[in-house]
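The questions below ask what stands behind the words used for this model, and each answer sets a value against its definition.

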There are 2 protein chains.
Amino acid sequence: MKEKLEFLKLLADETRLKILNILMCEDSYVEKIACDLSLTPATICYHLKKMESAGIVRCSRAQFYIIYSLNRDIFDKPLYELVKKDEPVVDEDEKYKKDVLSNFFKYGRLVQIPMQRKKRDIVLCEIAKSFEVGIRYDEKEVNEIIHRFHDDHCTIRRDMIASGIMSREKETYWLNEK
Amino acid sequence: MKEKLEFLKLLADETRLKILNILMCEDSYVEKIACDLSLTPATICYHLKKMESAGIVRCSRAQFYIIYSLNRDIFDKPLYELVKKDEPVVDEDEKYKKDVLSNFFKYGRLVQIPMQRKKRDIVLCEIAKSFEVGIRYDEKEVNEIIHRFHDDHCTIRRDMIASGIMSREKETYWLNEK
DNA sequence: ATAGTGATTTGATGATTTTCTAATCATTCT
DNA sequence: AGAATGATTAGAAAATCATCAAATCACTAT
C-alpha cells in the first residue's frame with residue numbers, strides 16, 4: 001500500500017506529468033526540459049530525482065548531458081492495481097479491540113471479566129471512559145459508576161488501580177491521563 | 001490534462017485510498033467509515049464529497065444513512081491513459097516565441113526585421129534583454145548595443161520606443177519594467 | 001411538531017510539498 | 001591544470017491540503 005501510494009503521489013503533480021509527457025515523445029535532459037516548461041533546472045532536477053528513485057525514469061550520461069528516459073513498463077498496469085489494497089485497510093488494533101468489546105459487552109453490560117491480561121485491559125479502558133480526568137471520586141462514587149457495567153465492582157475497581165488506569169490515595173480515586 | 005491531474009491527485013492520498021478499498025468490499029456510510037479508520041466523520045465527509053464531485057463515488061440515501069458506493073468503471077483504464085497528454089505539454093506561446101527567434105536570428109544576429117507586429121515585438125524583447133532596468137543610456141550607447149544584433153540600429157531603436165519596451169526623454173533612454 | 005441521529009459546512013491549524021536562489025559538484029574541452 | 005557547462009544539493013519562502021472541533025443542516029421516528 002505504502003509503495004503504491006508513493007507512486008500515485010509522484011504521478012499526481014502537474015510538473016511531473018508534463019515531464020513524463022515530454023519523455024514519452026523523446027528522451028531529454030534537465031536544461032532542455034527546464035527550458036521547455038519555463039522552470040529552473042533545479043526544479044526539474046528535483047522532480048526527476050524523485051521519479052528516478054521510484055523507478056519511473058532512468059538516466060545515463062551522454063557527453064555533456066545526462067539523458068533521462070522513461071521506464072515504460074510501469075504504465076501498462078490497469079488502474080485498479082494501483083488502488084487495490086495489498087494490506088488490510090482497517091487498523092488491526094482497532095479491529096481487535098472492537099472484537100473484544102463486542103464479545104464481552106452485551107447491551108452495555110460486561111457479561112464476564114476477561115481472564116487474558118490484554119483483553120482485560122481493553123475492557124477496563126472502555127469502562128474508564130465513564131470517568132473524567134481531573135476529577136476526584138470517592139470510593140462510593142467509583143463503585144456506583146462501575147456497577148453500571150458489572151456487579152463485581154470491587155474486582156474491577158482493584159484492576160483499575162493495578163493496571164495503572166486509575167490511581168488512588170487514601171479514600172480518593174482519579175483517572176490517569178491518556 | 002487538467003482533469004486527469006485532478007483525478008490523480010484524488011487517488012494520491014492515504015485516507016482516500018483506504019476509503020476506496022473499503023468501498024471495494026462493500027458500500028458504506030460516513031460514520032461507519034470514520035469508525036473503521038479512526039478518523040472524524042467530518043474528515044471522511046470531506047474526502048467523499050471530493051471524490052463524489054469527480055465521479056469516483058456516488059451516494060444515495062437509505063433510511064438514516066447516506067450510502068456511498070464506488071463507480072467501478074473508472075478503474076479499468078490502463079495507467080498510461082491517465083498520464084498521457086491530451087493537450088500539448090509545452091506552452092504554446094513559448095514554442096511560438098522560440099520558432100520566431102530561431103527564424104530571425106542566425107548566430108546571434110538579427111538577419112531581418114520582422115514585418116508582422118507580433119513577431120517584431122518578440123524580436124525586440126529579445127534584444128531588450130541586453131539592457132538593464134534602472135540604468136540610463138545615452139543614444140550612443142543604445143546604438144552600440146543594438147548594433148551587435150543588427151546594422152540598422154536606428155529603426156530598431158525607434159521601434160523600441162514605439163512598442164513601449166524602452167522610453168526616452170531628451171538624450172537619455174531606459175528600459176521599462178517587465 | 002419535535003427530539004434524535006447522521007451528514008455537511010466553516011474556520012483554524014499544522015504538515016507536506018513545490019519552487020526558487022545560490023552554492024557546489026562532476027565532467028568535458030582547451 | 002583550469003575554464004566552462006550542465007547537474008545537483010541546501011536552505012528558505014510560499015502554496016496546498018488534510019484534519020479537527022463546533023455549528024448547522026436534513027431526514028426519520030415518535
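Q: How many residues does the contact take from chain A and from chain B?
A: The contact takes 28 residues from chain A and 29 residues from chain B, where two residues are in contact if their C-beta atoms, placed from the backbone, lie within 7 Å. This is a predicted model, in which local features need pLDDT of at least 70 and side-chain atom pairs count only at pLDDT 80 or more, while totals for chains, interfaces and linings use all residues. Residues are numbered from 1 along each chain as its sequence is written, and chains are lettered from A and ligands numbered from 1 in the order in which they are written.

Q: Which elements give two or more residues to the side of chain A that touches chain B, and what classes do its residues fall into?
A: The elements are α1 (2-11), α2 and α5 (79-83) of chain A, with helices (H or I, at least four residues) and strands (E, at least two) taken as DSSP runs numbered from the N terminus. The largest share, 7 residues, comes from α2(A). This side of chain A divides into 16 nonpolar, 2 polar and 10 charged residues; Ala, Val, Leu, Ile, Met, Phe, Trp, Tyr, Cys and Pro count as nonpolar, Asp, Glu, Lys and Arg as charged, and the others, Gly among them, as polar.

Q: What makes the relation of chain A to chain B that of a two-fold axis?
A: Chain A can be laid on chain B with an RMSD of 0.1 Å by a turn of 180° and a shift of 0.1 Å along the axis, the copies being superposed by least squares on the C-alpha atoms of residues with pLDDT of at least 70 in both. The same surface serves both copies, since 100% of the contact residues of chain A recur in chain B. Of the residues of chain A, P78(A) comes closest to the rotation axis, its C-alpha lying at 1.9 Å.

Q: Why are β1 and β2 of chain A said to stand at the edges?
A: The open sheet has 3 strands in the order β1-β3-β2 (chain A), with antiparallel pairing, and two strands pair if DSSP finds at least two bridges between them. β1 (28-29) and β2 (57-62) of chain A each have a single partner strand, so one side of each is left without a neighbour in the sheet. β2(A) pairs with β3 (residues 65-70) of chain A in the antiparallel sense over 6 bridges, and R58(A) stands opposite S69(A) in β3(A). Helix α2 (residues 14-25) of chain A packs on this sheet, touching β1, β2 and β3 of chain A, and its direction makes about 90° with that of β3(A).

Q: Why is α7(A) called roughly perpendicular to α9(A)?
A: Helix α7 (residues 117-128) and helix α9 (residues 153-162) of chain A pack at an angle of about 100°, with their axes 10 Å apart. The axes are lines fitted to C-alpha atoms, for helices over the stretch in contact, and angles run from 0 to 180 degrees between N-to-C directions. Angles under 35 degrees count as roughly parallel, over 145 as roughly antiparallel, 65 to 115 as roughly perpendicular and the rest as oblique, so α7(A) is roughly perpendicular to α9(A). R120(A), L124(A), I127(A) and A128(A) of α7(A) make the contact with I156(A), D159(A) and M160(A) of α9(A). By class, these residues are 5 nonpolar, no polar and 2 charged.

Q: Which residues come nearest to DNA strand C?
A: Of the 25 residues around DNA strand C, they are A42(A), T43(A), V30(B), E31(B) and A42(B). The largest share of the surface near DNA strand C, 6 residues, comes from α4(B), and by class this surface has 15 nonpolar, 5 polar and 5 charged residues.

Q: How do you know that β7 and β8 of chain B are paired?
A: Strand β7 (residues 166-169) and strand β8 (residues 172-175) of chain B are joined in the antiparallel sense over 4 bridges. M166(B) stands opposite L175(B) in β8(B). The two strands form a hairpin with 2 residues between them, and K170(B) in the turn has a positive phi of about 50°.

Definitions and conventions
Near = placed C-beta within 6 Å.
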